[in-house]
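User: Hi! Could you walk me through this one before I set anything up?
Analyst: Happy to, let's have a look together.

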Amino acid sequence: MAMYINQELCISCYACEQECPTEAISHDETGRFEIDPRVCVECVGFYEEPQCIAICPIDDCIKKLEEERWVFWKTYRS
């Protein structure tokens with residue numbers, strides 16, 4: 001599926017953005033980070049585990065995107 005960033009936990013350290021092999025992670029002018037679920041492949045074909053999770057200094061900041069969130073994301077972005 002894809003990963004997502006918990007905005008309440010994210011400290012905007014930029015580590016995940018630099019590690020992403022598909023450039024699915026970006027940030028806006030306020031430093032708010034987001035993972036585009038249309039681009040994120042959970043590092044399949046690149047690494048054994050998602051690198052955003054491996055590099056993130058905050059526990060549980062980045063998690064798998066559940067189906068409900070994906071439906072909301074598609075609706076919100078349309």
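User: How many helices and strands are in the protein chain?
Analyst: The protein chain has three helices and four strands. Keep in mind that this is a predicted model.

User: And in what order do the elements run from the N terminus?
Analyst: The order is β-α-β-β-α-β-α.

User: What is the average pLDDT of the chain?
Analyst: The mean pLDDT is 89, and 85% of the residues score at least 70.

User: Where is confidence lowest, and where is it highest?
Analyst: Helix α3, residues 67-77, has the lowest confidence with a mean of 60. The highest is in α2, at 97.

User: Good to know. What share of the residues counts as buried?
Analyst: Of the 78 residues in the chain, 33% count as buried. The accessible surface is about 5,400 Å², and carbon and sulfur atoms make up 48% of that.

User: What about contacts between residues 24 or more positions apart?
Analyst: Taking the contacts with a separation of 6 or more, 62% are between residues 24 or more positions apart.

User: Switching to charges. How many salt bridges does a search of the whole structure find?
Analyst: Three. As background, side chains of opposite charge can pair when their charged atoms come close.

User: Let's take them one by one. Which residue does Glu 42 pair with?
Analyst: Glu 42 forms a salt bridge with Lys 64, and their closest N and O atoms are 3.2 Å apart. The two partners come from distant parts of the chain, 22 residues apart: Glu 42 sits in the loop between β3 and α2, while Lys 64 belongs to strand β4, residues 62-64.

User: Are those two buried or exposed?
Analyst: One of each. Glu 42 counts as buried because its relative accessible area is 12%, under the 20% cut-off. Lys 64 is at 51%, over the 50% mark, so Lys 64 counts as exposed.

User: What else does Glu 42 touch?
Analyst: Leaving out residues up to four places away in sequence, Glu 42 touches Met 1, Ala 2, Met 3, Glu 49, Pro 50 and Lys 64.

User: And what is phi like at Glu 42?
Analyst: Phi is near 55 degrees there, a positive value in a residue other than glycine.

User: Which other residue has a positive phi although it is not a glycine?
Analyst: Tyr 14, with a phi of about 75 degrees. Tyr 14 is in the loop between β1 (3-5) and α1 (15-19), and is partly exposed with a relative accessible area of 33%.

User: OK, back to the salt bridges. Which residue pairs with Arg 38?
Analyst: Asp 36 is the partner, with the closest N and O atoms 2.9 Å apart. Asp 36 lies in the loop between β3 and α2, and Arg 38 is placed in the loop between β3 and α2 as well.

User: Why does Asp 36 count as buried?
Analyst: Its relative accessible area is 17%, and anything under 20% counts as buried. Arg 38, on the other hand, counts as exposed at 59%.

User: What does the side chain of Asp 36 reach at 2.8 Å?
Analyst: The backbone nitrogen of Arg 38.

User: Last topic: which residues make the nonpolar surface patch?
Analyst: Val 41, Val 44, Phe 46 and Tyr 47 make a patch of about 390 Å².

User: Where is Phe 46 found?
Analyst: Phe 46 is in the loop between β3 (33-35) and α2 (51-55). With 47% relative accessibility, Phe 46 counts as partly exposed.

How values were computed. Residues numbered from 1 in each chain as written. Predicted model: local features only at pLDDT ≥ 70, side-chain atom pairs only at ≥ 80, totals over all residues. Heavy atoms only, no water. Helix = DSSP H or I, 4+ residues; strand = E, 2+ residues; numbered from the N terminus. Buried < 20%, exposed > 50% of the residue type's maximum accessible area, 1.4 Å probe, protein only. Contact = heavy atoms within 4.5 Å. Areas by Shrake-Rupley, 256 points an atom, 1.4 Å probe, with all protein chains shown as cover. Patch = residues over 30% accessible without salt bridge, like charges linked within 9 Å, V, L, I, M, F, W, Y side chains within 5 Å. Salt bridge = Lys/Arg side-chain N within 4 Å of Asp/Glu carboxyl O. Polar contact = N/O pair within 3.5 Å; in protein donor to acceptor, adjacent residues only side chain to side chain. pLDDT = per-residue confidence, 0-100.
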